[in-house]
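Reader: I would like to learn how to read the features of a model like this one, step by step. Could you begin with a single residue and then widen the view?

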Amino acid sequence: MKITLTPLTLKLCAPLATAHGILSVREGFRVEVLDGEGAGQGEATPLPAFGTEPLEETSAALLTWRAPGSLDS
């Protein structure tokens, strides 16, 4: 199994005004998983101002998940 994490910055088409400030970009990671039977991709883009983990914790969790022996095969 191969897991690739790629940092990404997504610029929003229009800034989003919220009670927590204005969002014009989202930062996170593109996640790609390849195994002998298929492939999948997704993203992890936290919103710390809305109660999710900060980007650093997201990165640490993804790196731990990707570490050898941490996945159920």
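Author: Let us begin with Glu56, which is found in helix α1 (residues 55–66), where helices (H or I, at least four residues) and strands (E, at least two) are DSSP runs, numbered from the N terminus. This is a predicted model, in which local features need pLDDT of at least 70 and side-chain atom pairs count only at pLDDT 80 or more, while totals for chains, interfaces and linings use all residues. Residues are numbered from 1 along each chain as its sequence is written, and side-chain values use heavy atoms, with hydrogens and water left out.

Reader: Does Glu56 count as buried or exposed, and why?

Author: The classes rest on relative accessible area, with buried meaning under 20%, exposed over 50% and partly exposed in between (1.4 Å probe, protein chains only). Glu56 counts as exposed because its relative accessibility is 60%. Its C-alpha lies 9.5 Å in space from that of Gly28, although Glu56 and Gly28 are 28 residues apart in sequence.

Reader: What is the corresponding reading for Thr58, and which residues does Thr58 touch?

Author: Thr58 also lies in helix α1, but it counts as buried because its relative accessibility is 5%. Contact means heavy atoms within 4.5 Å; not counting residues up to four places away in sequence, Thr58 touches Phe29, Ala44, Pro46 and Glu53.

Reader: Where is Pro54 placed, and with which residues is Pro54 in contact?

Author: Pro54 sits in the loop between β3 (39–44) and α1, and with 29% relative accessibility it counts as partly exposed. Once neighbours within four places in sequence are left aside, Pro54 is in contact with Pro46 and Pro48. Between the C-alpha atoms of Pro54 and Gly28 the distance is 9.7 Å, the two being 26 residues apart in sequence.

Reader: How should I read a nonpolar core, and which residues form the largest nonpolar core here?

Author: In soluble globular proteins, nonpolar side chains tend to be buried together. A nonpolar core is a set of buried Ala, Val, Leu, Ile, Met, Phe, Trp, Tyr and Cys residues joined through side-chain atoms within 4.5 Å. The largest one here has six residues, namely Ile3, Leu5, Phe29, Val31, Ala44 and Leu62, and β1 (2–18) and β2 each supply at least two residues of this core. Leu62 is in contact with Leu5, Phe29, Val31 and Ala44, when its neighbours within four places in sequence are set aside.

Reader: How is a pocket found, and which residues lie nearest the centre of the largest pocket?

Author: Rolling a probe the size of a water molecule over the atoms shows where empty space is left. On a 1 Å grid over the protein atoms alone, searched with a 1.4 Å probe, a pocket is an open set of points with protein on both sides within 12 Å along at least five of seven lines, and lining residues have an atom within 4 Å of a point. The largest pocket is lined by 14 residues, and Leu23, Val25, Pro46, Leu47 and Pro48 lie nearest its centre. Strand β2 (residues 21–34) gives the most to this lining, with six residues.
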